[in-house]
Amino acid sequence: MGAIITLCILGILLLYLGLFKMNKALLPVALVGLLVALGFTLSAWNTDAAPLYNGMVVFDRYALSFSALCIVVTALILLLSKEYFRNISEHIAEYYCLIIFSLTGALLVNAYHNFAMLFVGIEIMSVALYILVGIRKSDFASNEAALKYFLMGAFSTGFLLFGITLMYGASGTFDLGALRNYVTSAETVSPLFYGGVLLMLCGLCFKVGVAPFHFWTPDVYDGAPILITSFMSTVVKIASFVGFLRLFSTALVPLDAFWTPVLLTIVIITLFVGNASALLQSSFKRMMAYSSISHAGYMLFAIVVIGENSVPSIFVYATAYALASVIAFAALILVKRMSGSDQFESFNGLAKRAPWLAFALTIAMLSLAGIPLTAGFIGKFMMFNNVMGSYNVTLLVLAAINAAVAVYYYLHVVVCMYFKNAEGAHAGHTTMMPAPINYKVVLGVAAVLTIVLGVYPDLLLVLFGG
Amino acid sequence: MSIFYFVAFLAIFFALMTIFTKNPVHSVLYLVITFFTLTIHYILLNAQFLAVVNFIVYMGAIMVLFLFVLMLLNLNEDTEPMKSNLVKIIGAIAGMCLIATFLGAFRVIQPTNELVAGNADIGLVKNLGKVLFNEFLLPFEISSILLLTAMVGAVLLAKKEVRKA
């Protein structure tokens, strides 16, 4: 709870700093605030977790680990923001404030124990993002993305609320623990409850952006400013998954015969839609958007075959995915700043101009593709291992095919960087302007962590006693 | 019970009129009437607070806002977006799926259900306040962050950018 209070105060503090025109202090204060929040999160690690405030929130290890991950990723993304927001407009303080509030929402979703908190958390997270997506007011794509995200988000919230209502109608409670009691003890689970489960499934699938509820994802990720895209595709996606997994693992496991086929269909559609569309893209940013859909599909594995390994595997997968995404989007910002485009062609010959940037991006791509010695491999391995444990051979084969397809489009970037020469307008630029120090730090930290976790995954697994 | 059926009929009738009428201003006015019928439903259910909020906020504030936006948008036949038949068919199928799910879920509802009839006074303002400030205090407080976020966002989007020369 300390972390959430810290972040709330931090957001308001940032607004005041903006009021008094102390723009230089914004980033350091935000980072210090995040560190304090991280400290509060980690200090609660060894305490006994019990639902607090009349069962509203619970800070168990599951919530704390994902909260820490969200805070760290946000800190990395904020480090990238130093010069970024200044190019968009004058109101920098508000952007920081909205990102921090969005993170607060994510932490609430991580720790909810009552549907009221889930709803409030998801709304705080999304409302801040609706604004952030549209902060480039003169850019048509950004406006379209914001409107689309807002309409789709409002629509999916409707589904979510209707689902919550129906489940309340059947069981008379919003509390996850009481819902579990209802599911295990009731002689016949009311059809209302099944309807509620289906609607909540739809709402949450909208939020995490899996097919066939993915239509907003490419346009929104493409139209939003790159930094916001990286925040959306990491922190927000992870938090939505945590909420998803918490609902299903605490309350709905006894009903798995009902929702597993539904979820299985969704996973298979997601994998194929995400990978096949990513294959056809010519823009790096749009490719990342579709690849995030397919990664959401892989993360759903943990919910399809729900068990004690679900939490560690989704944590490792989310960490690997978030680190790699941060590298990829940071590299994209640098490349776009130089060439003005986010097509694959602008990556041509990057290895000659900026060898270290190209190297970090290569690590990220290998990690996303799931090549051994990177964190992405460990994540995919644990996910596949879960599926193998439940003898779901069809899903395993389909997933393996998709992983192979994914290698193709991730390596496309690497091929562009190392084996193609820059043509046309950029041919003259033999050297790239040096990356700012904050980019170097973020790229370095994320790349090293990706390798370290890939070689020695026990660093993370020990958190869960594995 | 007869009042209920009459009001329910009116609600569905005006909701359909909202969709089928061609003129957007008429559509909004029908929506206002639909909300009014819903307010009557809330009163029938003894939910005072919901009825009042629905009446003031939805019917009053939001619908007036709708009308203003429509007035500013200046909609006419030419600006109507293209609707292909494929979209209509897909929409119909999806809607029917939703109705099937709901009917499947609602078939067991009985008015004598203990959850429904357990406490008839639960919708009174007094009881609502007790629940809100005891059990649901944390979400209530956290909602302030939600409102603050929305407020900051609205100002941010509406504020004029100062162009650097």
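Analyst: This is a predicted model. In it, helix α4(A) passes α5(A) in a left-handed crossing.

User: Which residues make the contact of α4(A) with α5(A)?

Analyst: On α4(A) they include Tyr95(A), Leu98(A), Phe101(A) and Leu108(A), and on α5(A) they include Met117(A), Gly121(A), Met125(A) and Leu132(A). By class, this contact has 17 nonpolar, four polar and no charged residues.

User: Why are α4(A) and α5(A) called roughly antiparallel?

Analyst: Helix α4 (residues 92–111) and helix α5 (residues 115–133) of chain A pack at an angle of about 155°, with axes 7 Å apart. Angles over 145 degrees count as roughly antiparallel. The two helices are therefore roughly antiparallel to each other.

User: What makes residues of chain A and chain B count as in contact, and how many are there?

Analyst: The criterion is C-beta atoms, placed from the backbone, within 7 Å. By it, 33 residues of chain A are in contact with 25 residues of chain B. The largest share of the chain A side, eight residues, comes from α5(A). That side divides into 21 nonpolar, eight polar and four charged residues.

User: How do you know what the secondary structure is over residues 28–45 and 51–73 of chain B?

Analyst: Helices are DSSP runs of H or I of at least four residues. Residues 28–45 of chain B are 94% helix and 0% strand, with end C-alpha atoms 26 Å apart. Residues 51–73 of chain B are 100% helix and 0% strand, and their end C-alpha atoms are 31 Å apart. Both spans are among those annotated "transmembrane region" in the unreviewed UniProt entry.

How values were computed
Residues are numbered from 1 along each chain as its sequence is written. Chains are lettered from A and ligands numbered from 1 in the order in which they are written. This is a predicted model: local features need pLDDT of at least 70, side-chain atom pairs count only at pLDDT 80 or more; totals for chains, interfaces and linings use all residues. UniProt positions are given in the numbering used here, feature names are shortened, and annotations may be inferred rather than shown by experiment. Axes are lines fitted to C-alpha atoms, for helices over the stretch in contact, and angles run from 0 to 180 degrees between N-to-C directions. Angles under 35 degrees count as roughly parallel, over 145 as roughly antiparallel, 65 to 115 as roughly perpendicular and the rest as oblique. A crossing is left-handed if the near helix is turned anticlockwise from the far one by less than a right angle, and right-handed if clockwise. Two residues are in contact if their C-beta atoms, placed from the backbone, lie within 7 Å. Ala, Val, Leu, Ile, Met, Phe, Trp, Tyr, Cys and Pro count as nonpolar, Asp, Glu, Lys and Arg as charged, and the others, Gly among them, as polar.
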